[in-house]
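Subject: Structure for you to look at

Hello,

Here is the structure I promised to pass on. Please open it beside this email and follow along.

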Amino acid sequence: MSAVQALASQQFLEAMGTMIYDEQKLKQVFGFIASIQPKGTISQEKFDSLRTIDDLDAHLEARIRNHYQRVEA
């Protein structure tokens with residue numbers, strides 16, 4: 001592991017705090033991170049159809065709510 005990777009790992013562990021000892025919380029965090037990867041982004045066509053920041057905000061809020069409903073199920 002390079003020094004940069006070691007530093008990044010240490011920063012990650014510090015940021016996660018005691019959550020790293022709670023497997024369920026850690027799974028939720030990793031699930032959320034996976035859900036926001038490029039495969040989970042909206043298409044350019046869909047983005048273009050969201051004319052206002054309120055439209056985009058509502059769309060993103062619905063996606064986040066949907067994600068957490070699946071995680072908690």
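S35 lies in helix α2. Helices here (H or I, at least four residues) and strands (E, at least two) are DSSP runs, numbered from the N terminus. S35 is partly exposed, as its relative accessible area is 24%. The C-alpha atoms of S35 and R63 are 9.6 Å apart, though 28 residues separate the two along the chain.

Before going on, note that this is a predicted model, in which local features need pLDDT of at least 70, side-chain atom pairs count only at pLDDT 80 or more, and totals for chains, interfaces and linings use all residues. Residues are numbered from 1 along each chain as its sequence is written, and side-chain values use heavy atoms, with hydrogens and water left out.

Now find H67, in helix α4 (residues 53-72). H67 counts as buried because its relative accessible area is 7%. Which residues does H67 contact, leaving aside its neighbours within four places in sequence? They are Q28, G31, F32 and S35. Contact means heavy atoms within 4.5 Å.

**The overall picture**

The protein has four helices and zero strands. From the N terminus on, the order is α-α-α-α. Of the 73 residues, 11% are buried. The accessible surface comes to about 6100 Å². Carbon and sulfur atoms account for 58% of that surface. Accessible areas come from the Shrake-Rupley method with a 1.4 Å probe; for residues, only the protein chains shown count as cover.

How confident is the predictor? pLDDT is its confidence in each residue, from 0 to 100. The mean pLDDT of the protein is 78. A value of 70 or more is reached by 88% of the residues. Among the elements, helix α3 (residues 44-49) has the lowest mean, 78. Helix α4 has the highest, 81.

Helix α1 has 14 residues. From first C-alpha to last, α1 reaches 20 Å, close to the 20 Å expected at 1.5 Å a residue. The expected span is 1.5 Å times one less than the number of residues in the helix. Just after α1 comes G17, with a positive phi of about 60 degrees.

F12, L13, F30 and I33 make a nonpolar patch of about 330 Å². Patches are made of residues with over 30% relative accessible area and no salt bridge; like charges are joined within 9 Å, and nonpolar side chains (Val, Leu, Ile, Met, Phe, Trp, Tyr) within 5 Å. L13 is in helix α1. Its relative accessibility is 41%, so L13 counts as partly exposed.

**The salt bridges**

Side chains of opposite charge can pair when their charged atoms come close. How many salt bridges does the structure hold? It holds two. A salt bridge is a side-chain nitrogen of Lys or Arg within 4 Å of a carboxyl oxygen of Asp or Glu.

- E23 and K27 form a salt bridge through their side chains, at 3.3 Å, N to O. They are four residues apart in helix α2, so about one helical turn separates them. Both E23 and K27 are exposed.
- E61 and R65 form a salt bridge through their side chains, at 2.8 Å, N to O. They are four residues apart in helix α4, so about one helical turn separates them. E61 is partly exposed, at 39% relative accessible area. R65 is also partly exposed, at 46% relative accessibility.

Best wishes

Key
Buried < 20%, exposed > 50% of the residue type's maximum accessible area, 1.4 Å probe, protein only. pLDDT = per-residue confidence, 0-100.
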